[in-house]
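Below are my notes on the model you sent. They are set out as numbered points, to be read beside the coordinates.

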Amino acid sequence: MAANFWTSSHYKQLLDQEEVDVVHQLDREKGITLEDFKLIKMHMANYIGKLAHNVKVRQRVVATAVAYMRRVYTKKSMTEYDPRVLAPTCLYLASKAEESTVQARLLVFYTRKIYTDEKYRYEIKDILEMEMKILEALNYYLVVFHPYRALSQLLPDAGMNDATQICWGLVNDTYRMDLILIHPPHFIALACIYVASVLKDKENTAWFEELHVDMNVVKNIAMEILDFYDSHKMISEERINAAMNKLPFRP
């Protein structure tokens, strides 16, 4: 496992926003728009979070699973890789990668408790088959670096220990976006500290200047987080369902 982010497969696979915002031809043929694409991924991130809460795994497993899901859809279509099976399988794979293994049968059981819709019905064999597809789509690169470690190191240095809970929540919410595919994790952590500084009305300009990082990148990520919160208020359950209904139903 790479100990250094800058020599890792994660760093080598970072993408530009334009590369992430690509709807596969097969999905476009089903009428799936870029907005639908983003909504479905956000819904699947929430789905992973709900399942993880039930099977009792730590947040890092959730974050890794969401990163896998988002990574797969930069290469594969939702038409071929049904998100309703792929999402729990990403959690299954992430639980193994993060040494917190969850049994496939538990994921099947809790999905049926969470969703009564038959479109979410799948069997253990579906998870095992999808696991192999995901591994191939990821080129077997399973290491994901997250902002949490950088956050725990930076908060005391910034004199922001009192904002730990806010920052942790902000980092969790970044997985409802594609930031982990685009930016190094420490930049995401810094953006969350920046947002928390604004929310707590704490002057941290000098501290940020001492870091010698590109503050334009940090501020852009911070703005994307705040924009997400603003736009998220406008997303209805009906809008998410409309996007999901464009996906083909597995026989």
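1. In this predicted model, the buried residues of α7 pack against α4, α6 and α8. The helix covers residues 104-114, and its buried positions are A104, L107, V108, Y110 and T111.

2. L107 deserves a separate look. Apart from neighbours within four places in sequence, L107 is in contact with L51, V55, P88, L91, Y92, V102, Y122 and I127. L107 also belongs to the largest nonpolar core, which has 88 residues. The members that touch the most other members are M69, L86, L91, L107 and I193. Which helix gives the most to this core? It is α4, with 11 residues. As background, nonpolar side chains in soluble globular proteins tend to be buried together.

3. α6 (83-97) is largely enclosed by the rest of the structure, because 13 of its 15 residues are buried. Its length also checks out: at 1.5 Å a residue the helix should span 21 Å, and the end C-alpha atoms are 20 Å apart, which agrees. After α6 comes E99, with a positive phi near 55°.

4. The N-terminal end of α6 is capped by D82. A side-chain oxygen of D82 lies 2.9 Å from the backbone nitrogen of R84. D82 itself sits in the loop between α5 (59-72) and α6. Is D82 buried or exposed? Its relative accessibility is 5%, under the 20% cut-off, so D82 counts as buried.

5. On cysteines, a search of the whole structure finds 0 disulfides. C192 is in no disulfide, and the nearest cysteine sulfur, that of C167, is 6.6 Å away. A pair would have to lie within 2.5 Å to be counted. C192 is buried, at 0% relative accessibility. C90 is buried as well, with a relative accessible area of 0%.

6. Helix α15 (residues 237-244) has I240, A243 and M244 as its buried residues. Seen down the helix axis, these residues fall within an arc of 100°, so they line one face of α15. What covers them includes α4 (34-55) and α6.

7. A242 is also in α15, but at 36% relative accessibility A242 counts as partly exposed. A242 and L106 are 136 residues apart along the chain, and their C-alpha atoms are separated by 28 Å.

8. The side chain of S236 reaches the backbone nitrogen of R239 at 3.1 Å. With a relative accessible area of 29%, S236 is partly exposed.

9. R176 lies in the loop between α10 (164-174) and α11 (179-182). What does the side chain of R176 make a polar contact with? The partner is the side chain of H232, at 3.0 Å. Not counting residues up to four places away in sequence, R176 touches M42, N46, R70, F228 and H232.

10. Most residues other than glycine have a negative phi. Y140 is not a glycine, yet its phi is positive, about 65°. The residue is placed in the loop between α8 (124-137) and α9 (147-157). H212, likewise a residue other than glycine, has a positive phi near 55°. H212 is found in the loop between α13 (205-211) and α14, and is exposed, with a relative accessible area of 72%.

How values were computed: Residues are numbered from 1 along each chain as its sequence is written. This is a predicted model: local features need pLDDT of at least 70, side-chain atom pairs count only at pLDDT 80 or more; totals for chains, interfaces and linings use all residues. Side-chain values use heavy atoms; hydrogens and water are left out. Buried means under 20% relative accessible area, exposed over 50%, partly exposed in between (1.4 Å probe, protein chains only). Helices (H or I, at least four residues) and strands (E, at least two) are DSSP runs, numbered from the N terminus. The arc is that of the directions from the helix axis to the C-beta atoms. Contact means heavy atoms within 4.5 Å. A nonpolar core is a set of buried Ala, Val, Leu, Ile, Met, Phe, Trp, Tyr and Cys residues joined through side-chain atoms within 4.5 Å. The expected span of a helix is 1.5 Å times one less than its number of residues. A polar contact is a pair of N or O atoms within 3.5 Å; within protein, one must be able to donate a hydrogen and the other to accept it, and residues adjacent in sequence count only if both atoms are side-chain atoms.
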